[in-house]
Amino acid sequence: MLATFYTCSYHTPIGYLNLTTTETHLVSCLFSDIPYPTTPEQPVILKQTIVQLDEYFTGTRRQFDIPMQPEGTEFQQKVWQNLSTIPFGKTVSYMAVAKAVSGEKAIRAVGAANGKNPICLIVPCHRVIGSDGSLTGYSGGLWRKKWLLQHEGIRQPATQLPIF
């Protein structure tokens, strides 16, 4: 039996988060400048996701507890599970993630898995930075990554990108 998917766009201070769910799980949450069309039916999981995103952007939520079902390889799943352990307001390096999931030699694979994270923000790939403290790589744009880190109280990212 094929799953039914539901979509909507959540407007944030830094663009849209286009959300896709099944009846029971969030399957994608991706930044975009263009909103998704909204499906007429909105399952409970989609409504819960929107409530938790509201709380995050108003500063009252630091951790998400939404059932998720991201699609990816076994290695990608392992990386995304590791990313989910990074606390609000903290950052880790790509090297630290690589060492935690597979060893130093996996740093490029970790970067690639991080870039393919289909549930950005909720699986906090924005909290992964370069070993030297610099902002590197973010599929939603480095300016969004900087904004999110500053929203979480992290002021140290070295990049000089403007905030929009």
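## About the model

This is a predicted model, in which local features need pLDDT of at least 70, side-chain atom pairs count only at pLDDT 80 or more, and totals for chains, interfaces and linings use all residues. Residues are numbered from 1 along each chain as its sequence is written, and side-chain values use heavy atoms, leaving out hydrogens and water.

## The largest pocket

Fifteen residues line this pocket, and the closest to its centre are Gln63, Phe64, Ser84, Ile122 and Arg127. A pocket here is an open set of points on a 1 Å grid over the protein atoms alone, where a 1.4 Å probe fits, with protein on both sides within 12 Å along at least five of seven lines; lining residues have an atom within 4 Å of a point.

By class, the lining has nine nonpolar, three polar and three charged residues. Asp, Glu, Lys and Arg count as charged, Ala, Val, Leu, Ile, Met, Phe, Trp, Tyr, Cys and Pro as nonpolar, and the others, Gly among them, as polar.

Look next at the open sheet, where three antiparallel strands follow the order β1-β2-β3. Its edge strands, β1 (6-12) and β3 (26-32), each pair on one side only; pairing takes at least two DSSP bridges between two strands. Strands are DSSP runs of E with at least two residues, and helices are runs of H or I with at least four.

Between β1 and β2 (residues 15-21) there are seven bridges, and Cys8 has Leu19 in β2 as its bridge partner. Helix α1 (residues 44-58) lies across β1, β2 and β3, at about 10 degrees to β1. Angles run from 0 to 180 degrees between N-to-C directions, with axes fitted to C-alpha atoms.

## Helices packing on α4

Helix α2 (residues 74-83) packs on helix α4 (residues 107-115) at about 80 degrees, with axes 9 Å apart. The two are therefore roughly perpendicular, a label for angles of 65 to 115 degrees. From α2, Phe75, Gln76, Val79, Trp80 and Leu83 meet Ala109, Val110, Ala113 and Asn114 of α4, where contact means heavy atoms within 4.5 Å. Seven of these residues are nonpolar, two are polar and none is charged.

Helix α3 (residues 94-101) packs on α4 at about 105 degrees, with axes 9 Å apart. These two are therefore roughly perpendicular as well. On the α4 side, the contact is made by Ile107, Val110, Gly111 and Asn114.

Notes:
Parallel < 35°, antiparallel > 145°, perpendicular 65-115°, else oblique.
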